[in-house]
Amino acid sequence: MGEIKLAVPEAGISFGELSRLLRDRFGHDLHIEGDVVDTVEGGLALTVRGDGVPAKRFVGQETDLGKLTSDAAEYAYAQSEPVLWSYYLINNDRNEEAIRFSRMASVSADNADRPYLLNNWASATANTGKWREGLELYLAALKIKPDFWIGHNSVINAHWALGEEEGAWLAGEHLRRAARGWPGLSPETYYQNVDALTWNLGPWRNSATADAAETGGVGSTVAGTAAITLTDIDIRLHDLADGKIMLQTLQPDPNDPPTTVMGFYLRGRLAAESGDVATAAQEMEAFETAYANPAVRFNWPGYNCWVAPAEEAAGRPD
């Protein structure tokens with residue numbers, strides 16, 4: 001499409017630039033068009049429309065043009081790629097928005113998208129502490145798509161988070177049958193929760209390594225968790241040298257609480273395994289406090305159990 005400049009005094013911007021913003025921010029090339037006009041109140045009104053994107057108007061002051069453009073970009077992305085948009089909301093800790101969006105989008109979605117929207121609705125719900133409700137949504141997704149491997153993984157995790165470890169193992173057996181063997185048709189990555197429960201550490205680490213390589217070190221199950229998972233497994237394998245190296249690849253992000261919280265845990269476990277009981281207790285106490293975040297508790301269920309031996313070793317049996 002041609003470059004159409006918006007008629008905004010001293011702030012020229014084109015819809016080509018808006019399209020590039022979408023592409024740069026979300027990696028998605030979307031054909032859009034629209035216009036911006038002065039409002040009666042003296043502000044700006046930006047209207048955007050595009051392929052599969054109904055027209056929508058965004059209103060603000062002249063100084064709000066950047067925000068109006070960003071809001072329009074998010075709207076266009078949500079309308080054109082609802083599944084990816086709901087993932088984006090969850091990965092940016094916008095769970096309440098993800099719940100509302102996924103719930104509404106799932107109503108009109110076809111059977112190709114609906115399982116993914118239900119799964120994302122479930123994950124956002126679980127991240128707010130409603131684990132049983134999340135489990136019901138995960139199971140609803142599997143009814144539509146029995147070979148939804150990541151959905152099976154989510155069911156296993158939900159049972160574990162609810163303290164139903166036997167239910168988690170049985171869900172793993174259901175995945176094995178659906179996949180016609182272990183791992184069968186499903187990637188080993190989606191057995192990770194059963195691997196963790198049963199300390200099946202070799203296959204768990206191999207699948208986590210492969211998953212990190214395929215996703216640029218991010219991880220495909222919970223964004224940003226590849227370094228957390230690999231460090232955790234190294235510690236369980238008593239490979240402290242590699243665990244320390246892997247921990248250095250974890251980049252805490254203020255907008256991503258799990259990486260910060262799990263950083264306390266991993267440093268505490270490394271210290272405990274190294275015999276530094278004082279540091280272990282300090283880090284694990286910080287972890288226990290931060291573990292109150294329901295999104296962390298859901299994605300790493302039972303990990304607070306490691307606090308007790310660290311406190312015991314530091315001479316704090318109370």
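Is R316 buried, exposed or partly exposed? With a relative accessibility of 36%, R316 counts as partly exposed (buried meaning under 20% relative accessible area, exposed over 50%, and partly exposed in between, with a 1.4 Å probe and protein chains only). The model is predicted, with local features requiring pLDDT of at least 70 and side-chain atom pairs counting only at pLDDT 80 or more, whereas totals for chains, interfaces and linings use all residues. Residues are numbered from 1 along each chain as its sequence is written, and side-chain values use heavy atoms, with hydrogens and water left out.

The structure holds eleven salt bridges, a salt bridge being a side-chain nitrogen of Lys or Arg within 4 Å of a carboxyl oxygen of Asp or Glu. One of them joins E285 to R316, with the closest N and O atoms 2.6 Å apart. E285 lies in helix α14 (residues 277-290) and R316 in the segment after α16 (307-313), so this pair ties together parts that are 31 residues apart in sequence; helices here are DSSP runs of H or I with at least four residues, numbered from the N terminus. E285, at 31% relative accessibility, is likewise classed as partly exposed.

A further salt bridge brings together the side chains of D234 and R205, at 2.8 Å from N to O. This pair links distant parts of the chain, with D234 in helix α11 (residues 226-236) and R205 in helix α10 (residues 201-214), 29 residues apart.

Conventions. Helix = DSSP H or I, 4+ residues; strand = E, 2+ residues; numbered from the N terminus.
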